[in-house]
Each structure stands twice: as structure tokens, then as C-alpha cells.
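Hi,

Here is the structure we talked about. Please open it alongside this note, as my findings follow below.

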Protein chains: 2
Amino acid sequence: MAEEVKLFKTWSSRFGLRAVWALKLKGIEYEAIDEDLANKSPQLLQYNPVHKKVPVLVHNGKPIAESLVIVEYIDETWKQNPILPQDPYERATARFWAKFGDEKVLPSIWGVFTQEGKAQEELLGQAMENLKLLEEQLEGKVFFGGEKIGLADIALGWLANLICVLEEVSGLELITQEKFPLLFGWMQNFAAIPMIKESFPPHDKMITKYIALGEKYCPPVKGCIEELCEYQTP
Amino acid sequence: MAEEVKLFKTWSSRFGLRAVWALKLKGIEYEAIDEDLANKSPQLLQYNPVHKKVPVLVHNGKPIAESLVIVEYIDETWKQNPILPQDPYERATARFWAKFGDEKVLPSIWGVFTQEGKAQEELLGQAMENLKLLEEQLEGKVFFGGEKIGLADIALGWLANLICVLEEVSGLELITQEKFPLLFGWMQNFAAIPMIKESFPPHDKMITKYIALGEKYCPPVKGCIEELCEYQTP
């Protein structure tokens, strides 16, 4: 039987990109289905009845939801170019930082770009602390995974894609070469990998989208946390 | 070299219990170190400098934090009595429900017991929906893992341990045999497994603790969400 691999995502979904990168890393052909979240397809609702969100991978008719669960599924299903290392301790370390990215880095950074005043100041402090921890993880390494990208790189890849968009739209600066040289270098190295670069949504289109979100929700893009956090939508 | 396995937890930590259960399931001897969270040991801070929280597993000097990461580490390190199934799709399903438990079930149930009025009402609605989804998962099965307990059972095991305590302290009822017969049955079956039963913290001591928390933070135990959610502490 020929394998059928479908990926439900949106054109700009940073969580969808994780599945895209994992599939590309494995060299798996797939059909991409870009959803309109304002008008979700019956297929999406059928395949992810619990969260009703992208991304959803459908492999030979079987749906898998939650981006990090999808990435581990892809890694376990197609063995070439491993995303997780073999050693259990290294696997645990990769999972720890992937989780840290979603639970600490993402909300704090998003808060910096969506809050004002004292709340923003506090979140900036948290974001800087979290980024410092990531910076330390990159000591002596090209990627979080070592010489090549792994689970934590895929999980944190949204930084390489989105930080420059948020910085450009808001005028705020967060990850500079001066403050976080290793993390800044990692973003460059990550984004320079051809299969990563080619999968990034068009920068101009992202800028337009986030300016529109900012105008709708300002300051500067308040409220579109729903757009960023697949787990935090009400 | 003899294996050295230490587990930093608290006497009542429901996330610590996940690691306890996984170790017991594998038949691994370990040293339990019960922390006082008001006065954390230098070892805990050294082993979990990022979150400064229990549980932390230390295996031959190497620390692993985050309870679900610890459970997967234990499963990958000691192969006997697998916690996750072999099949990638079944593994993804187990991970999905474990995550659902932490991100949806836990906050909604905790909210029911810690909020009042309209907020409580809304959270009750969410909790009932979430529990209904768990109930559906148990159709034709004894455990979420099938005939024996797996990752999702270990992740959701806090329900079997804590719901009766919260119900007794608050006078509220949530998981009744009438409303959720399968989930109610699962809690009984899970709690009846000798190695699970023997690891539950003493019921009377739990009641005393939660009454004290309730008096401190009422209504009824408001504020101690920090005690329940390892990931949600400020």
C-alpha cells in the first residue's frame, strides 16, 4: 500500500512548521492542507475533535494531533535521520528543553510583545532569564541537538522564524547579537538550512499579517496570543 | 558499578508519584528524598536549577526534571514492563492524553475547587467536557493503556489519588459513578493495584493538609494551585 501522509496546518502556523520540518528531515512526501482557522474544514474537526486545531498529521487515515507528539511520531515511524538521539539521558534533555520552550520561553516572549507598562517589564525580565538559559545550552554547540538539529531545535525553531517579524512590527529588540551571541548565531544557522529556509512563510506576508493583528488588537499585537499558542486558546 | 537512583519529591506530590509509580513498575530500587518546598535543599536547587521544583530523578549523578520526561526516561532506561506501547501510533495516543490531562483536565478541575460563582461555573463546564472525553477513551478498556496501566494512566493517576480528597474537603462532587461510570471504575481499578495503593500519601494527612490550605486560601482551597501545578507556579 502506498503511504498516505497529509498535514493539516495554516500557511503561517509555527506549530505546523514543526511537523513540516520533521517530515522534510525524513524525506517524506506529504500533502499539505492549509486551513482557514476562521472557517475550519470538516476534516480538521473530524481529525482533531478534542482541540479542533492545527497541526494534525494524518498517516494512512490515522490522525495525530499536538505538534511535539507529531514530531516524535514521525521520528519513531521513519527511522532515517533521527530527530531524537539514542541515549535516554540525551533524549530526556531534548524533551526537557522542548517543553521549556513551550511553557516558559514562548509565553514570556509573547507577553513582551503584547503587554504594556509594568506587565511588559516583568515579562521582559522573565524572557531575558529564559533566553539566558537557552544561551547557556548552546555553549560549544552549533544546535541544541549538537552538530545537527534535533527535537529542541525543531521545538524552538519558531524563534528563528518569528522573532524578526515581531521585532520589526513592534520596534522592540529582544534577541540581539550583543546580548545573546550564541542564540543569535543559532537562529542564523537554523534559518540557513535549505529545507528550513524554504519552508518559512514569506516574510512580507508575515509582516502584513502581524501589522494587521497589531492594529486589531494593539498594543502592539495584543490578543493574538491565540494565534501563537496552540495550547492556550480558550 | 551499582546503580544509584535518587528521587527528589515531596510526601504529597502528585507529580512525584508519577516517577514513584514508574520506578515501582520497573522494580527499580531508589532512594526517596522528601523535600520541604518552603526550605528547598541545596541538592534540589543544584539538580533542577531551571525550575527549582520536584520531582527530580538523579540516575548515577545525572539529574532529570519534569515528571513526564522522567517517566519516559525510566521507560527507555529499564526495558522490563513497558510503560509506552511499541506501536508509534499507540505511543502518540498515550502522549496525547497525558498532555491533555496536564493542560486541560488538571487546570479545569483545580479551578472548580478553587474558584467561586461564575468563574467556577464556567470551569465546571470545562471540567465536565474534559472528563467526558476521558470517559470515552475508556470504552471497552480497563485502563487508558488497555489491559494494563501505561503513560496516560500514570499521568492521570492524580485523579485517583486526589479527587476524593478535594471532594471531601470542599463538599463538591465531580467524578461520580452515575456521571462517569468508566472513569469512576478506572479510579477504583487504578487505586486497587497494590504498588499504586501503597504509594498513595495517607488520606487523613492529605485531608488535614487541604483543610489547612482551604483555611489559608479559601474558598475552598484557592491559591494553592501552586501546590497542584508544577508547571504553573509563578
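This is a predicted model: local features need pLDDT of at least 70, side-chain atom pairs count only at pLDDT 80 or more; totals for chains, interfaces and linings use all residues.

Asp34(A) sits in strand S2 (residues 31–34) and Lys9(A) in strand S1 (residues 5–9) of chain A, so the pair ties together parts that are 25 residues apart in sequence. Strands here are DSSP runs of E, at least two residues long, and helices are runs of H or I of at least four, numbered from the N terminus. A salt bridge means a side-chain nitrogen of Lys or Arg within 4 Å of a carboxyl oxygen of Asp or Glu. The whole structure holds 20 of them over all chains.

How many salt bridges lie between chain A and chain B? The count is 6. One salt bridge joins the side chains of Glu76(B) and Arg95(A), at 3.0 Å from N to O.

A few ground rules. Residues are numbered from 1 along each chain as its sequence is written, and chains are lettered from A and ligands numbered from 1 in the order in which they are written. Local features need pLDDT of at least 70, side-chain atom pairs count only at pLDDT 80 or more, and totals for chains, interfaces and linings use all residues, while side-chain values use heavy atoms, with hydrogens and water left out.

**The interface**

Chain A gives 26 residues to the contact, and chain B gives 26 residues. Contact means heavy atoms within 4.5 Å. Between them the chains bury about 2,600 Å², 67% of it on carbon and sulfur atoms. Buried area is the accessible area (1.4 Å probe) lost when two parts are put together, summed over both.

There are also 8 residue pairs in polar contact across the interface, both residues at pLDDT 80 or more. A polar contact is a pair of N or O atoms within 3.5 Å; within protein, one must be able to donate a hydrogen and the other to accept it, and residues adjacent in sequence count only if both atoms are side-chain atoms.

On chain A, strand S4 (62–65), helix H3 (67–77) and helix H4 (88–114) each supply at least two residues of the side that touches chain B. H4(A) brings the largest share, 11 residues.

The same surface serves both: 100% of the contact residues of chain A recur in chain B.

**Backbone points to check**

Most residues other than glycine have a negative phi, and most peptide bonds are trans. Val54(A) and Pro55(A) are joined by a cis peptide bond, with omega about -5 degrees. Pro55(A) is in the loop between helix H2 (42–47) and strand S3 (56–59) of chain A. A cis bond also joins Val54(B) and Pro55(B), with omega about -5 degrees. Asn60(B) is not a glycine, yet has a positive phi of about 45 degrees. Asn60(B) lies in the loop between S3 and strand S4 (62–65) of chain B.

Best wishes
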